Amino acid sequence: MPFLLHLSSVNALKAKRISRSNGMDTLCKEDYVQETLCLLSHVHTNLKQLYQIHAHMFRSGLDQNVLLLANLITLYSTCGATEIARSVFDKLQKPDISLWNAMIRGYANTGFSKEVLALYQKMQRSGIQPNNYTFPFVLKACAHSSAWQQGMRIHNYIIRRALEFNIFVGNSLIDMYANCGCVDIARRVFDRMPARDVISWSAMISGYTQVGLANNALAVFHQMQFAGVMPGAATIVSVLQSCAYLESLQLGKCVHDCILKHGFLSDVTVGTSLMDMYAQCGSIEIAQQLFDEMPKRDVISWNAMIARYSQSVDVNNALSLFHEMLLADVTPTSLTMIGVLPACAQLAALQTGKCIHAYIFRNRFELDTVLGSALIDMYAKCGRLEIARQIFNKISDRNVVLWSAMIAGYGMHGYGEDAIALFSEMRLTVVEPNDVTFVSVLSACSHAGLVDKGWEYFDCMIQDYGIIPKSEHYACVVDLLGRAGRLDEAHDFIKKMPLEPGVSVWGALLGACRIHSNIELGERVAEYLFELDPQNSGRYVLLSNIYAAAGRWEDVSKIRTMMKEKGLKKTPGCTWIEVNNNVHRFFVGDTSHPQSEKIYATLENLSREMEEAGYVPDTDFVLHGVEEEVKEHMLSTHSEKLAIAFGLMSTSPWTSIHITKNLRVCGDCHNATKVISTIVGREIIVRDANRFHHFKDGYCSCGDYW
């Protein structure tokens, strides 16, 4: 029945039942209450209708009816009008427990945790004793505000009131402690419960999952199954998250069977979590298949798939899926942008990244620290450090993630002094650097050759901030010393490490041995790496390159044989460039590009001009035992040169050229690019596996220190 018809029928009933004394008899009041309750049940979230019913209650003398007021307060809160709900509540002279609970519940369900706790204290001061309907919402507020100490005091009060074993209160206690990270206490509450329902089990499993105790979560899930309790969708989601955390595909497949058995696959949250589990366990193809077969996909499903592609080797698919999402008329959220921007960063897809930034601006997304740091990282990795800094400057409320991202940006471009200056500025604020910040600072010092400063900040990290160095910090120091040619000092530093050196530490030293052609130390370091990381082809290639640079071709052959026996293949050098929102890839000697003939013609003309400018190919960088003429030809068709030639013929002459290489740029290409930048009068920005090189007027920003 339409709302106004309901209201008119009540008014008609009122007119008929008014007594001679202008009051209402008991029957009339009961009818009014029932009719008004019926009206309230049809309101849902229509605030205008709620105002009309409230006015009707006031005119009818029902504005002090406890049952109606409790419903009214609840509905105002549900409609987002918590201030009006509180105004109604505050006008009551002596609200009973049901009205206190209604107001507390209204605040809790709309996220006003501080108000819940304040109202709870006021309730106790007024002499009203909370009951089993009060505590679940008060504990929910403690969980949301991480107020575990206050939650513990409430727990003690619950014990005194003998309500601990009430299943709703017990579940709320488990959830509160688990959300506050106190899983041991949550487990004690769980173990003491005389009866448990699916919510009890789910809360405990979720608690373990949230703090990374995935094995414990799975153990509780097995106990739940043994107890014959049917899991809910929320249970399955937590279990899948634990499988993903452990990267246990086998366990994930067992949970998949459980999902099919209980018919949970139609639940969009379960489907998204299942898809995400497969992606995190390395089965991105199965994840994509599940995504394609989902009967219903929400924005969270799209976000999860895009984010996983951004973190995988199939990073191009993240951008493709983002475009598909837009075509499907699914409105992206801030999390979508946070998921897709790293793909732009990894591919150095500047034009696509700019389009996404424009979308963020047009749709007035809040530029918080998470989205801001994603944009900063994207622009820095796409070679536009000045835009990254502009975004950084626009965000006033900067956290440690934002500062660290900007410092890392300066570091990867080789601007060590700027990174240090920004770090010094950060130290003057209330934001304290963390372990990630120091990785950025130490890396910046390494790329810029600031050895003494690097040592200073390594000590500062320990002495001033009490941060215990991790493997990444030790690797940065080894890289710092190694690049500077202080190989023995770097080796001694490793020997004195308080923790077992990992592959990143030994890898940094092997890289330094390659730069400085230290065969003896390189062989010893390589042996460690072959044992620690036997399936990483890059370690074998580095040692092979050290031998090749020294002309030890027999040893090169041995390494290649060893790789073949282990089934390892060298990662081919690849350089790519983005032109008109399309990414073009090139390999050494590549002729697969549709414009290949024109590219090689451009390169040939360029080679003649380079020769006239005094460029001589450095054949020492050809790590093959072949004739000099063959070496020169091999150098002339390196992927970097092909990408630059394509950039010259495909972009405006007044713009800079941005290319990206998956490996360290070769020394000859580095020298050649300096010459090319002078000939064409354009800046050429090269991002390799380690850092950025800005070539302009015959010079490189790295100062040949790389």
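Biologist: At what angle do helix α5 and helix α6 pack, and how far apart are their axes?

Modeller: Quick heads-up before we zoom in: this is a predicted model, where local features need pLDDT of at least 70, side-chain atom pairs count only at pLDDT 80 or more, and totals for chains, interfaces and linings use all residues. Residues are numbered from 1 along each chain as its sequence is written, and side-chain values use heavy atoms, with hydrogens and water left out.

Now your pair. Helix α5 covers residues 82-90 and helix α6 covers residues 97-109, and they pack at an angle of about 165° with their axes 10 Å apart (axes are lines fitted to C-alpha atoms, for helices over the stretch in contact, and angles run from 0 to 180 degrees between N-to-C directions). So α5 is roughly antiparallel to α6, a label for angles over 145 degrees. The crossing of the two is left-handed, meaning that the near helix is turned anticlockwise from the far one by less than a right angle.

Let's zoom out for a moment. The chain has 37 helices and six strands (DSSP runs numbered from the N terminus: H or I of at least four residues for helices, E of at least two for strands). Along the principal axes, its C-alpha atoms fill a box of roughly 115 × 55 × 55 Å. Of the 706 residues in the chain, 50% are buried (under 20% relative accessible area; exposed is over 50%, partly exposed in between, with a 1.4 Å probe and protein chains only).

Most residues other than glycine have a negative phi. Glu 247, in the loop between α14 and α15 (249-262), has a positive phi of about 55° although it is not a glycine. With 57% relative accessibility, Glu 247 counts as exposed. Asp 329 is another non-glycine with a positive phi, this time about 60°. You'll find Asp 329 in the loop between α19 (315-327) and α20 (334-347), and at 69% relative accessibility it counts as exposed.

Leu 246 counts as partly exposed because its relative accessibility is 31%.

Last stop: Lys 354, which lies in helix α21 (residues 350-362). Lys 354 has 36% relative accessibility, so it counts as partly exposed.

Note on methods. Angles under 35 degrees count as roughly parallel, over 145 as roughly antiparallel, 65 to 115 as roughly perpendicular and the rest as oblique.
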